[in-house]
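Try each task before you read its solution.

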Amino acid sequence: MEKKSFDVLALGELLIDFTDNGLSAQGNPVFEANPGGAPCNVLAMLNKLGRSCAFCGKVGDDMFGRQLREIVGSLGIGTSFLAMDKIYPTTLAFVKNAPNGDREFSFYRRGCADVQLSVEELGEMPDARCFHFGSLSLTDEPVRGATQQAVSAARQKGILVSFDPNLRPALWSSQALAKEQIEWGLSQCDIVKIADNEVEFLTGTTDLVKGAAILRERFPDIRLLCVTAGADGSYAHWKDLSVFQPAFKLGGTVETTGAGDTFCACMINFVLDHGLTDLTEDVLTGMLRFANAAAYLVTTKKGAIRSMPERGQVEELLSRF
């Protein structure tokens, strides 16, 4: 990696989300090619919040990979750490939407470019305030080894480490491996955004407060744990404080792609602003309200990377409620 300073560096998958867009005149399913991939979704929102960002990963040197590089670069996200693979193609995901906005995924990833990122392609960890990663870069080698090396390098440099489990069962060879690698990620980070289904997967309980307590006991180095519960709202756990804020239920949801990533970006932005040493219930409440509002707004559009709200749009929504 070229040595350079950023607020946030993220590593992981960058792909095309073919999003359900109804039927053609002939009655055939129509899918829109949206840029996606959870770590880069997070960066797209952080960029909207004024943070300098860079992405590390690999795409195919094909029409989709070139499209992704161009889009990410046009948003102001650094692409100098984005490798182009001349052999393996860009990863694709097809997203079918249910009437309530939930999604069903079909991934075309085996033997694709994002899992081919290697330790040798990383180089030196650049200066950054925060390093963010998810579990999908832990599913296979060689990208698993590259991710572990990058996390180790970030920790050695004292960089804040953020993790999102982002469980996608279809991409793991077994649930046991998924649990093992997600738990490794949790053992390495300072801040976590975790969804309700992931809390249940790891702890066996649907009680999110109890599940969060179990995770904090297992992984005491996590300093801020945020749990998202979809349309119900979100929780923040810091030291002895636990705060809940309801979701914004204002209608108009098109799909939920990117909602969790938007929330995660707002959490990271909050930590970069406030640190982790002297937080209050009011400050945590403000973080959750802002993150919930931003997450709601992204659900009113298709896709994620190009659909992130502006700070002013989030603040305007908050001013009305």
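**Exercise 1: the aromatic cluster**

Phe 18, Phe 31, Phe 64, Phe 94 and Tyr 108 form one aromatic cluster. The model is predicted, so local features need pLDDT of at least 70 and side-chain atom pairs pLDDT 80 or more, while totals for chains, interfaces and linings use all residues. Residues are numbered from 1 along each chain as its sequence is written, and side-chain values use heavy atoms, with hydrogens and water left out.

Task: describe the pair of Phe 18 and Phe 64, and say which elements it ties together.

Solution: 
- Step 1. Rings of Phe, Tyr and Trp (its six-membered ring) pair if their centres lie within 6.5 Å; planes under 30 degrees apart count as stacked, over 60 as edge-to-face and the rest as tilted.
- Step 2. The structure holds 11 aromatic pairs. In one of them, the centres of Phe 18 and Phe 64 are 5.7 Å apart with planes at 90 degrees, so this pair is edge-to-face.
- Step 3. Phe 18 sits in strand E2 (residues 15-23) and Phe 64 in helix H2 (residues 63-74), so the pair ties together parts 46 residues apart in sequence. Helices (H or I, at least four residues) and strands (E, at least two) are DSSP runs, numbered from the N terminus.

**Exercise 2: a second pair**

Task: what are the centre to centre distance and the angle between the planes for Phe 31 and Phe 94?

Solution: 
- Step 1. The distance is 5.6 Å and the angle 80 degrees, an edge-to-face pair.
- Step 2. Phe 31 belongs to strand E3 (residues 29-36) and Phe 94 to strand E6 (residues 92-97), so parts 63 residues apart in sequence are tied together.
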